[in-house]
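Keep the structure open beside you as you read.

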Amino acid sequence: MNRRRFVSASIGAAGALAIAGRVRGDGPPDDSDPTSLIPTMMAATAKMPIESRPLADGLHLVYGPGGNIAVLDGPDGLTIVDAGLPNRAADTFEVVKRAGGKPVVRLINTHWHFDHAGGNEAFGRAGAAILATPATRRRLSTEQYTEIFKMKSPASPPAALPVVTLDEAEVHVGPETLRIKSVPPAHTDGDLFVHFTKHDVIHTGDLFSNGFYPNIDASSLGWIGGMVAAADVLLKLAGPSTRIIPGHGPVATRDDLARYRTMLATVHDRLAKLHDAGKTLREAIDARPTADLDAEWADGFFTGGMFTRVAYDGLVKHRAGAGKAS
Ligand SMILES: [Zn+2]
């Protein structure tokens, strides 16, 4: 299987070693600490080429350093899903324009993260109407702090903010109908996916990272049980010939998504048991609940330890929140 690996492709062996070599206190290197991942990724992707390829007549994929971008040609201009990294906004803008040959009139954000909404300001200033869920607009409008990366994200300028918020919609672009649907908290609390119904292509945003452990943003109320539920919604929608654009990684099939769902459900069940047994975060990480899965899933973005950390953190916070609510 020709898997495009996010970090190994973008950071390379030296970066991965630098991450794995982080030392906590006097102990051995802690490969569950993801705090150096984002700055390393930003540096490594600063010059990475942004490429495009046609997926169907009038539908292009733009890919490279940030999240995958879908570009749909329409009679009134281009409709795009996601907008790439902030430090590559000018390049992304040019590649999208060249791929579609028209100005962008509509930009749909799958969620608020900087590697998907980082190009919002460039497209918004150029006249694109930005669409997203209410939670995504709320998070883009205010400063965010992402605990696991110890990362602050400033509030976006007005031109970068969604002008339309929705949880579900149909958007008609020429002969194509886009079905937009949000899901309960999964990767964040504002995720949506887009189904290009005529082309039978689904852009999942970060509900799906094809071939490797995904990030799950507990600071934005994301949690692994929600990721499993979202994968089930997508699996119900996809058929054997549906092409699936993941947030990161190569274009996938329903089978790829089904394998990913099995991995998520397996990890969820193991972490739920650890939490039922009262394990602390450190104890859960040290139990290495992903050990038998790491060979297949740990070489793209997170190590098994990092994934256990973010997934356990989100599960504990979700359970605490659910307990309070009931
Ligand atoms: Zn994301």
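This is a predicted model: local features need pLDDT of at least 70, side-chain atom pairs count only at pLDDT 80 or more; totals for chains, interfaces and linings use all residues.

## Strands and the sheet

Strands of a sheet pair through backbone hydrogen bonds, in either a parallel or an antiparallel way.

For the parallel sense, turn to strand β5 (residues 104–108) and strand β6 (residues 129–132), which pair over three bridges. Here Arg106 stands opposite Ala129 in β6. β6 also pairs with β9, again in the parallel sense, over two bridges. Leu131 has Val164 in β9 as its bridge partner.

## The zinc site

Which residues coordinate the zinc ion? The donors are His111 (NE2), His113 (ND1), His187 (NE2) and Asp206 (OD), at 2.2 Å. Along the sequence, their spacing reads H-x1-H-x73-H-x18-D. His111 lies in the loop between β5 and α5 (114–117), while Asp206 lies in the loop between β13 (201–203) and α8 (224–237), so this pair ties together parts that are 95 residues apart in sequence. Both His111 and Asp206 are buried.

The angles among the four donor atoms run from 87 to 169°, and the site is irregular. For four donors to count as tetrahedral, all angles must lie between 85 and 135 degrees.

One more histidine deserves attention here. His248 is located in the loop between β14 (243–245) and α9 (254–276). Its side chain makes a polar contact with the side chain of Asp206 (3.4 Å). With a relative accessibility of 6%, His248 counts as buried.

## The largest pocket

Next comes the largest pocket, with a volume of about 360 Å³. It is lined by 23 residues, and those closest to its centre are Pro86, Phe114, Gly118, Pro154 and Ser156.

Several elements contribute to this lining: α3 (37–44), α5, α6 (120–125), α7 (134–141) and β8 (151–153) each supply at least two residues. Which of them gives the largest share? That is β8, with three residues.

## Two residues with positive phi

Finally, have a look at two loop residues. Asp82 is not a glycine, yet it has a positive phi of about 75°. Asp82 lies in the loop between β4 (77–81) and α4 (89–100). Is Asp82 buried or exposed? Its relative accessible area is 0%, so Asp82 is buried.

Leu221 is not a glycine either, and has a positive phi of about 70°. Leu221 is exposed, with a relative accessible area of 52%.

Notes:
Residues are numbered from 1 along each chain as its sequence is written. Side-chain values use heavy atoms; hydrogens and water are left out. Two strands pair if DSSP finds at least two bridges between them. Helices (H or I, at least four residues) and strands (E, at least two) are DSSP runs, numbered from the N terminus. Donors are N, O and S atoms within 2.8 Å of the metal (3.2 Å for Na, K and Ca); water is not among the atoms, so sites may look incomplete. Four donors count as tetrahedral if all angles lie between 85 and 135 degrees; four count as square planar and six as octahedral if opposite donors are over 155 degrees apart and all others between 65 and 115; anything else is irregular. Buried means under 20% relative accessible area, exposed over 50%, partly exposed in between (1.4 Å probe, protein chains only). A polar contact is a pair of N or O atoms within 3.5 Å; within protein, one must be able to donate a hydrogen and the other to accept it, and residues adjacent in sequence count only if both atoms are side-chain atoms. On a 1 Å grid over the protein atoms alone, a cavity is a set of points where a 1.4 Å probe fits but cannot get out, and a pocket is an open set with protein on both sides within 12 Å along at least five of seven lines; lining residues have an atom within 4 Å of a point. Grid points are joined across faces, edges and corners, and a volume is the space filled by probe spheres set on the points.
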